[in-house]
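Trainee: Hi! Could you walk me through this one? I'd like to learn how to read it.
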Amino acid sequence: LLSDMQRAALNHVITSLPNVALNGVALAYRAISNPHVFGVNNLSRSVCSDDDPVQLQSWLGHLEEHDQLLASEMVFVGILAFKNELRTEVPMTVNRCEALGVKVRIVTGEAMEGGKSAALACGL
């Protein structure tokens, strides 16, 4: 379990990753002594045999509640940082388009910092 100070430090690291063109995923686990609390058996049966979609809908309807239960008492393992490499031809293609009068813009689902890093890498 993380202290508030450790949680703040990790949050800072994760939110800083886009500034250096990295994405991050925090890894944690929790031992579940009673998977029935989360409807695991009903879910797996429903998905595997496709015999009762109502059970799956019921389980999904309580997903927020399950998330809250799963997210408590987690054991932090580490942060996985990865870089989405830009294809080598992108900056040259951007330059060619701009030379032809095309206004190139970047649209991304990334955080603003990640979009800025990607735009800089593209030469925008």
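Mentor: Happy to, so let's go through this chain one topic at a time.

Trainee: Where does this model come from, and how confident is the predictor in the chain?
Mentor: This is a predicted model. The mean pLDDT of the chain is 76, and 69% of its residues reach 70 or more.

Trainee: Which element has the lowest mean pLDDT, and which the highest?
Mentor: Helix 2, residues 40-49, has the lowest mean pLDDT among the elements, at 46. Helix 5 has the highest, at 92. Over residues 42-49 the pLDDT is below 50, and this stretch has 11 contacts in the model beyond near neighbours in sequence.

Trainee: What should I do with a low stretch?
Mentor: Where pLDDT is low, the predicted coordinates should not be read in detail.

Trainee: Okay, big picture. How many helices and strands are there?
Mentor: The chain has six helices and two strands. Starting at the N terminus, the elements come in the order α-β-α-α-α-β-α-α.

Trainee: How many residues does the chain have, and what share is buried?
Mentor: There are 124 residues, and 15% of them count as buried. The chain exposes about 9,400 Å², with carbon and sulfur atoms supplying 59% of that area.

Trainee: And what share of the contacts join residues at least 24 apart?
Mentor: If you take contacts between residues at least 6 apart in sequence, 71% of them join residues at least 24 apart.

Trainee: Let's talk about the surface. Which residues form the nonpolar patch?
Mentor: Val25, Leu27, Tyr29, Val75, Val77, Leu80 and Phe82 form it, and together they have about 580 Å² of accessible area. Strand 1 (23-29) and strand 2 (75-82) each supply at least two of its residues.

Trainee: Which strand gives the most to the patch?
Mentor: Strand 2 does, with four residues. Val75 is located in strand 2.

Trainee: What about Asn23, buried or exposed?
Mentor: Asn23 lies in strand 1. Asn23 counts as buried because its relative accessibility is 16%, and the cut-off for buried is under 20%.

Trainee: What does Asn23 touch?
Mentor: Leaving out residues up to four places away in sequence, Asn23 touches Leu17, Leu80, Ala81, Phe82, Asn84 and Glu110.

Trainee: New topic: how many salt bridges does the count come to?
Mentor: The count comes to one. The side chains of Arg87 and Glu89 meet in it, at 2.6 Å from N to O. Arg87 counts as exposed at 59% relative accessibility, while Glu89 counts as partly exposed at 30%.

Trainee: And how many disulfides?
Mentor: A search of the whole structure finds zero.

Trainee: Which other residues are buried in helix 6?
Mentor: In helix 6, residues 112-122, the buried residues are Gly114, Gly115, Ser117, Ala119 and Cys122. What covers them includes helix 5, residues 90-99. After helix 6 comes Gly123, which has a positive phi near 90°.

Trainee: Can you tell me a bit about Ala119?
Mentor: Ala119 counts as buried at 13% relative accessibility. Not counting residues up to four places away in sequence, Ala119 touches Ile106 and Leu124. The C-alpha atoms of Ala119 and Pro91 are separated by 9.5 Å, and the two residues are 28 apart along the chain.

Trainee: Last one: where is Leu86, and what is it in contact with?
Mentor: Leu86 is in the loop between strand 2 and helix 5. Leu86 is partly exposed, with a relative accessible area of 35%. Setting aside neighbours within four places in sequence, Leu86 is in contact with Pro91, Ala121 and Cys122.

Trainee: How far apart are Leu86 and Cys122 in sequence and in space?
Mentor: They are 36 residues apart in sequence and 7.8 Å apart in space, C-alpha to C-alpha.

Terms used:
Residues numbered from 1 in each chain as written. Predicted model: local features only at pLDDT ≥ 70, side-chain atom pairs only at ≥ 80, totals over all residues. Heavy atoms only, no water. Patch = residues over 30% accessible without salt bridge, like charges linked within 9 Å, V, L, I, M, F, W, Y side chains within 5 Å. Areas by Shrake-Rupley, 256 points an atom, 1.4 Å probe, with all protein chains shown as cover. Salt bridge = Lys/Arg side-chain N within 4 Å of Asp/Glu carboxyl O. Buried < 20%, exposed > 50% of the residue type's maximum accessible area, 1.4 Å probe, protein only. Contact = heavy atoms within 4.5 Å. Disulfide = S-S within 2.5 Å. pLDDT = per-residue confidence, 0-100.
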